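Subject: Structure for your files

Hello,

Here is the structure I said I would pass on. My notes follow below it.

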Amino acid sequence: MDYQSLFAEALYQQLKDQLKLEKVVQLIEKPKFDDMGDYAFPCFELAKIFRKAPNQIAGELADKLELPSLFEKVEAVGGYVNVFLKQGEVSGSVVAEVIQEKANYGTLHQGSGEVITIDFSSPNIAKPFSMGHLRSTVIGHSLARIAEKNGFEVVRINHLGDWGTQFGKLIAAYKLWGNEEKIRENPIKELLTLYVKFHDEAEHDASLIDEGRLWFKRLEDEDQEARELWKWFREESLKEFNHIYELLGVTFDSTQGEAFYNDKMDRVVKLLEDKQLLEESEGALVVETAEGVPPCLIKKKDGTTLYATRDLAAAIYRHETYGSSRSLYVVGNEQTLHFKQLFEVLGKMGYEWSLGLKHVPFGMMLEDGKKMSTRKGKVVLLEEVLKEAVSLARKNIADKNPSLTDKERVAYQVGTGAVMFHDLKNHRLNDVEFSLDAMLKFEGETGPYVQYTYARASSILRKGGYQESTEPLIFDNDQAWRVVKSLMDFPEAVKRAFDGNDPSQIAKYVLELAKSFNQYYGNVRILDAAEGRQEKLALVHAVQVVLKEGLYLLGVEAPEEM
Ligand SMILES: NC(=[NH2+])NCCC[C@H](N)C(=O)O
């Protein structure tokens with residue numbers, strides 16, 4: 001039950017002539033201090049309309065308000081109408097609701113089955129999976145789950161960077177210096193070495209550039225040898241990427257990368273032509289965009305297409321194939337201009353659905369305050385980083401809980417969970433400082449802290465021999481109230497996270513719930529309570545349910561023991 005809406009409705013009955021219901025809802029606040037009520041309605045904006053002092057308006061409203069019976073009292077203080085819920089009864093009904101609905105608690109239906117495509121991860125073949133791709137993967141994976149929780153049907157798309165002139169260079173390099181065995185052993189490292197060598201050598205041997213161009217031309221013309229090498233590089237790279245996805249528990253509905261759109265490009269160019277949007281500029285074909293935005297390059301002088309052309313084809317294909325009304329592109333900040341151009345060109349083509357496309361940018365991963373990426377000659381391989389996190393988690397377990405069964409699995413859950421949570425706990429536009437030590441702490445604002453709280457709740461339930469029951473729950477202890485209020489906040493966090501494409505709303509929420517629960521745990525003897533034992537255990541169970549679901553939305557697993 002949504003008590004805030006009940007309050008809004010009661011206020012609206014009194015203010016119909018002055019305010020719209022949405023406005024009333026918008027104005028309602030949740031006071032920070034308990035003595036100011038559970039919800040408060042400020043009357044300052046009404047002062048002008050009524051030509052009265054806010055305090056007087058609040059007093060009159062408080063007198064007239066007809067509140068449902070779950071409200072205990074109403075007060076007018078300092079220009080606010082403050083209302084108080086009946087803590088015992090509301091606690092009983094909230095806890096019962098969570099336990100009944102389980103993972104469905106907080107599920108919203110605002111999407112009602114509408115399809116949304118989410119383009120995320122999208123690493124480049126034959127190149128290392130970068131920190132930026134990790135951020136995209138983690139954020140996109142979470143946004144997909146958040147969208148489902150909000151009632152959308154999600155299509156997860158990995159738009160692999162598997163086409164472009166660099167593949168011509170790579171094939172040329174392989175023909176000159178490649179070693180099949182080595183590539184099979186360590187595909188990305190080897191392919192990258194070849195690619196780097198190609199660039200180094202090309203600096204004093206310009207013929208190499210022509211050689212690369214030639215191979216790319218062959219590739220585009222479907223020359224068999226070129227195609228087969230390309231396919232092989234792609235498969236080997238994907239195998240390595242899949243290790244990372246497995247580690248993180250990430251899946252996709254489609255891994256159709258850029259190459260998939262090769263045969264769909266002529267149509268795009270034709271459409272642009274028909275709509276008379278193409279213009280010539282220094283031999284290339286472009287579409288003009290709004291003032292201040294450079295024109296969007298569609299075809300190069302030599303007739304080859306570009307990243308943007310493939311994205312145009314992809315957007316149209318996705319809309320036609322999936323019937324999506326919205327699409328998110330989870331891609332770093334630095335591609336803002338690209339997406340601006342893309343969306344604008346689609347708009348100019350007359351596609352109304354282009355209004356539903358959204359770039360979801362994010363900041364950088366930093367190490368000691370500097371961009372963390374492919375350093376000169378030295379690559380931070382992401383899989384190694386993740387394995388390092390897992391091995392630190394393994395050490396932690398060995399120190400803290402050596403008798404744990406299932407150690408290896410928990411180490412994975414904690415290690416990868418820590419990395420993901422660390423990424424998601426701040427707003428995505430912020431840069432993230434990468435520090436495994438900070439991530440893996442069991443205290444403070446970390447994934448392991450929330451996981452640990454979940455494990456603690458699970459352990460209490462096991463020790464307490466908790467049994468679910470349908471008997472009404474009667475709470476008489478106000479210690480539980482903060483926890484209950486936190487439970488009540490979950491659906492709103494789910495909505496905010498979706499509306500703002502912002503998983504940090506969920507991360508902050510689970511931290512808050514974990515904190516209020518740990519405080520409760522510190523103050524209340526749960527297991528040796530003579531009275532209200534079932535209520536206390538039921539509260540723990542409700543916390544357990546919501547922590548697990550919150551972590552799920554972040555892509556983080558919840559171990560029963562750790
Ligand atoms: N539809 C898209 N453009 N998705 C993002 C692709 C990201 C690109 N492969 C890169 O690593 O920069």
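Two residues count as in contact if their C-beta atoms, placed from the backbone, lie within 7 Å. Helices (H or I, at least four residues) and strands (E, at least two) are DSSP runs, numbered from the N terminus. This is a predicted model, in which local features need pLDDT of at least 70 and side-chain atom pairs count only at pLDDT 80 or more, while totals for chains, interfaces and linings use all residues. Residues are numbered from 1 along each chain as its sequence is written.

Helix 15 first. Leu 382, Leu 386, Ala 389, Val 390, Ala 393, Asn 396 and Ile 397 are buried there (20 or more other C-beta atoms within 10 Å of a residue's own; exposed means 12 or fewer, partly exposed in between). These residues lie on the same side of helix 15, because their arc around the axis is only 115 degrees (taken from the directions from the helix axis to the C-beta atoms). Their cover includes helix 6 (131-149), helix 11 (224-248), helix 16 (407-424) and helix 17 (436-439). Glu 384, Lys 395, Ala 398 and Asp 399, on the other side of helix 15, are exposed.

Three strands make an open, mixed sheet in the order 12-11-13, with strand 12 (370-371) and strand 13 (432-433) at the edges. Strands pair if DSSP finds at least two bridges between them; strand 11 (residues 365-367) and strand 12 are antiparallel over 2 bridges. Leu 366 has Lys 371 of strand 12 as its bridge partner.

Regards
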